[in-house]
Amino acid sequence: MATIDITLTSSPSLNLPDSPFTDTTLTLSPSLFNTSSSPSSAVVTQQTPLDLDAATANQLVLLFHDVNLREEVVDQLIKKRDTCENLALLLWNTFNVAYILLQEVTVVYRKLSPSKLSPRESTRACKALALFQVMANYPETRRGLIEARIPYYFYPFLKTNGNDDQPLEYLRLTSLGVLGSLTTFDDPYGSDVLTFFMESQVVPLCLGCMDLGDELSSMVATLMVMKMLMQEAGMTYCCASAHRFYSIVQVLYRVVEKLSEKPCLLHLKYVIRCYLSYSVVLKFVCSCDASRRQVPPQLFDNTFKGILRVSSYAFFLYTYL
C-alpha cells in the first residue's frame, strides 16, 4: 500500500499548512475501503475502482488530497451533510481539508473582475462553500472559522455592480448563505461572531447586496443586517455615526421600492423588522414627522395590502413611529 507523506502544521488547531504553497496532493490506496488486513487482499483492492457511493464520511475526507477524486468526494460529502452528524467536526479536524476547500474557493478570484466565470467553475466553488456552510452551522466549528478568519475569503464574492452574470451571482448567494449561517448570535460564541462581523466591515458589503444584488441575495443580506440590528452591540455599531445610520436607512428605503414592484412577503418582513429595530433611534434623532419620512410610504398605504393584510408588523410600525 502506498505511504502517505505529509508535513505537520505548526498550528494543528487550525489544520492549515504552514505555507499556501504546500503540496496537498497525496496518493491514497483504495485499500482504505477494505476491512481485511491480509496483504494479498490489499493487492486485489488496489486494482479495484473506488466505490465512493459506499464510502463513509471518514473515508471520503481522507481522499480529499487526491486531485483526481476531489470533485466527486465533495459531491458525496454534500449528500451526507444531512445524515452525518459529525461531518462539520470531521471536515474541520481532518488535516488540510479546510485549506483544500479554501483553494477550491479562491482559485476563481482571478476571474471575478471582469467576471469570466464559467458555470462549471462557479458550481465547483459553490460546492466547496456548501461544505463551509456545514461547518458554519455547528457551534464548535463555527468558532473555529471565526478564529481562523475564514469568512474574509468569501467577502470578494459580495462585491457587486448590479450587472453581474449568473455564475457570479450564484457564488454571491452561496457565500451569503455561509455568512448567514454564522449569524447565530444566541449561542455561546455568538458575541465573537458579531464582533468579527463588526470589525470586518461586513455591513457595507451586505448593503451592496441588498441594493444591487438579485432577489435572493438581497433577501439573505437583509436577514443578516436584521439579525445584527436585533443585537444591542449590533445596533450600537450601526448607529455609531450618522453616515452609517442613514446609509442603512436609505438602502432599506430602496429595497421597499423594489419590493413594491415585485412583492415577497418574507423579504418584506425582514425589512420591516429592521425598521422596528431602528424606530427607537429614529424617534430620538428627528421629530415624529421627520422620522416617518425615513420610512417608505408603501409601508403605510395599500401597496402591500395583498400580502400583509392586517399584519402586526405594519400596524406596530405605523403606531410606533
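Here are some notes on a predicted model, taken point by point.

1. Ground rules. The model is predicted, so local features need pLDDT of at least 70 and side-chain atom pairs count only at pLDDT 80 or more, while totals for chains, interfaces and linings use all residues. Residues are numbered from 1 along each chain as its sequence is written, and side-chain values use heavy atoms, with hydrogens and water left out.

2. Two helices side by side. Have a look at α6 (residues 119-136) and α8 (residues 166-182): they pack at an angle of about 5°, and their axes are 9 Å apart. Because of that angle, α6 counts as roughly parallel to α8 (the label is for angles under 35 degrees). Axes here are lines fitted to C-alpha atoms over the stretch in contact, with angles running from 0 to 180 degrees between N-to-C directions. Helices are DSSP runs (H or I, at least four residues), numbered from the N terminus.

3. What touches what. On the α6 side the contact includes P119, L129 and F132, and on the α8 side it includes P167, Y170 and V178 (contact means heavy atoms within 4.5 Å). By class, this contact has twelve nonpolar, six polar and no charged residues. Ala, Val, Leu, Ile, Met, Phe, Trp, Tyr, Cys and Pro count as nonpolar, Asp, Glu, Lys and Arg as charged, and the others, Gly among them, as polar.

4. Salt bridges. The count is eleven, where a salt bridge is a side-chain nitrogen of Lys or Arg within 4 Å of a carboxyl oxygen of Asp or Glu. E104 and R70 make one of them, at 3.7 Å from N to O. This pair links distant parts of the chain, with E104 in α5 (residues 97-106) and R70 in α3 (residues 70-79), 34 residues apart.

5. The cavity. On a 1 Å grid over the protein atoms alone, a cavity is a set of points where a 1.4 Å probe fits but cannot get out; a pocket is an open set with protein on both sides within 12 Å along at least five of seven lines, and lining residues have an atom within 4 Å of a point. Points are joined across faces, edges and corners, and a volume is the space filled by probe spheres set on them. E104 turns up again in this lining, along with E71, V74, R124, K127 and A128. α6 gives the largest share, three residues.

6. About 270 Å³ of space lies in the largest pocket. Of its 14 lining residues, D214, E215, K258, L259 and H267 are the closest to its centre. α11 gives the most, four residues.

Conventions:
Angles under 35 degrees count as roughly parallel, over 145 as roughly antiparallel, 65 to 115 as roughly perpendicular and the rest as oblique.
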